[in-house]
Amino acid sequence: MGLTPREKDLTITFDCQFKVKVPDVTLTTLLKAFTYLLPKILVDFIQKALIGYGELVMARKQKPFACPKCGNAERFTWKTRAGKPMEVLTTYAWITLRQMQVQCSSCGTKTSIGRALLGLEPYQRIAPEVRRKLGLLGTLTTFRVAETFMKTFGAAIDKMTIWRAVQKTGEEIAFSLDPKGEARGEADGTGIGIKGIKKRGKELKVLVQYMKGGTIRVAGIDIGSYNGNWNRLFKQSLETLKEFKSFFLVTDGDTSILDGLKEKVKVLYQRCLWHIPHQLKFALWQDKAKVKRKSPEWLSVMGRIYEIVGIRSGIDSDEEIQALVEVKKQSLDALIADCRAKEYKHVVSYLENAKNDLFTGITNKLQGKTTSRIERLFRTVNMRINVSKWTTKGALNVTKVRLAFYYNGFDPENSENPYPEGLNPEVST
Ligand SMILES: [Zn+2]
């Protein structure tokens, strides 16, 4: 059965009559009465509109539906305008409508037309548009708070329905690079606390792409174990990556999946400078037998690394950049030598590893100022993750919807086109 074609200038005349007993006419009482009436009025409105439209099309030669058995789309008779109940979710409540049934005059097959007129698939109870709206609500705040807000405005939708809406909406979102965006990006990971699993036990990895105008958008996301591989983060974007002549990627993650693109795409890797002091603290802790936290030696190492990773912006001259990098490399070598002399084994090995990728960005004059932006993105994620219990899959879905809304222009109010380009929704209608 095909979906309803667009009608022009359809006018619905809606008369309704409801009775409600009230003890007084205070605002409190009347708002309460209205809240009580709201779903009843909604059912009446939708049902009357449906039947009215049903009558209209039944009087026409060509129907907006066809017999599922013989394909006849012209000759039908009414069986019932108020058949078996069917449940449909709206943004106000689950409502029960009466099915409308017609009979094919060619082969006698009976068929329900209510869902088709509503734009729903056979047996479908939730329209994608309604689900996305509820899904967004459940990602902006906790399920309990979402439920409370809805209740304030007369909607009665339970937490479980909102939870399911979040999951389904998250599942249909697939981030990827936008070919129209800049050929620069950043891949970063952070620990997220998933209650019920293990404190800080999972790592959220995000690929962000820089956009013209200085904004960022999300181009990939994954939640997995620490030190797990980063393949899933880049997978969706491999094809788009080939469209860029060169792509500058700031990351200290595992990018082995991109190795195959080396011929076609110039990918530049760089340690995330922001992370270096943090990771170095961890290496220092591993060397705690040799260096005590906050001791003068410990502070000296930290002071020197902050100096090394601190990049001054706005240097245009190639020679000056080169000179700056030279000085920084010398300082880093000196720091490594001193740490080696003091037998800070982990610190030495960490710095040796990071050394070669440290100044790629500044050397290419492409040093981003985005580290704070991606940190803000992680905070945006954690504000929601930290206030509910999640499975890994649940955390991934809620994060996808949340980031799509904050960074990628996901707009469920736009029923025609809720997902802008690069969100590649595998739309399941
Ligand atoms: Zn038929």
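## Rings in helix α8

F282 and W285 are three residues apart in helix α8 (residues 276-286), so about one helical turn separates them. In this predicted model, their ring centres lie 5.7 Å apart with the planes at 20°, so the pair is stacked. F282 is partly exposed, with a relative accessible area of 48%. W285 also has a charged neighbour: K288 lies over the face of its ring, at 4.3 Å from the ring centre.

The model holds seven aromatic pairs. One of them joins F65 and F76 in an edge-to-face arrangement, with 5.2 Å from centre to centre and 65° between the planes. F65 lies in the loop between α1 (27-58) and β1 (76-80), while F76 belongs to strand β1, so the pair ties together parts that are eleven residues apart in sequence.

F65 counts as buried because its relative accessibility is 2%, below the 20% limit for burial. F76, with a relative accessible area of 9%, is buried as well.

## Nonpolar cores

In soluble globular proteins, nonpolar side chains tend to be buried together. The largest nonpolar core here has 62 residues, and F65, F175, L204, L377 and L403 have the most contacts inside it. Beyond its neighbours within four places in sequence, L204 is in contact with residues including D188, I192, I221, I223, F378 and V381. A second, separate core consists of 27 residues, among them L273, L284, I305 and I336.

## A further charge over a ring

R384 places its charged end over the ring of F143, 5.0 Å from the ring centre.

How values were computed
Residues are numbered from 1 along each chain as its sequence is written. This is a predicted model: local features need pLDDT of at least 70, side-chain atom pairs count only at pLDDT 80 or more; totals for chains, interfaces and linings use all residues. Side-chain values use heavy atoms; hydrogens and water are left out. A nonpolar core is a set of buried Ala, Val, Leu, Ile, Met, Phe, Trp, Tyr and Cys residues joined through side-chain atoms within 4.5 Å. Buried means under 20% relative accessible area, exposed over 50%, partly exposed in between (1.4 Å probe, protein chains only). Contact means heavy atoms within 4.5 Å. Rings of Phe, Tyr and Trp (its six-membered ring) pair if their centres lie within 6.5 Å; planes under 30 degrees apart count as stacked, over 60 as edge-to-face and the rest as tilted. Helices (H or I, at least four residues) and strands (E, at least two) are DSSP runs, numbered from the N terminus. A charge sits over a ring if NZ of Lys or CZ of Arg is within 6 Å of the ring centre and within 35 degrees of the ring normal.
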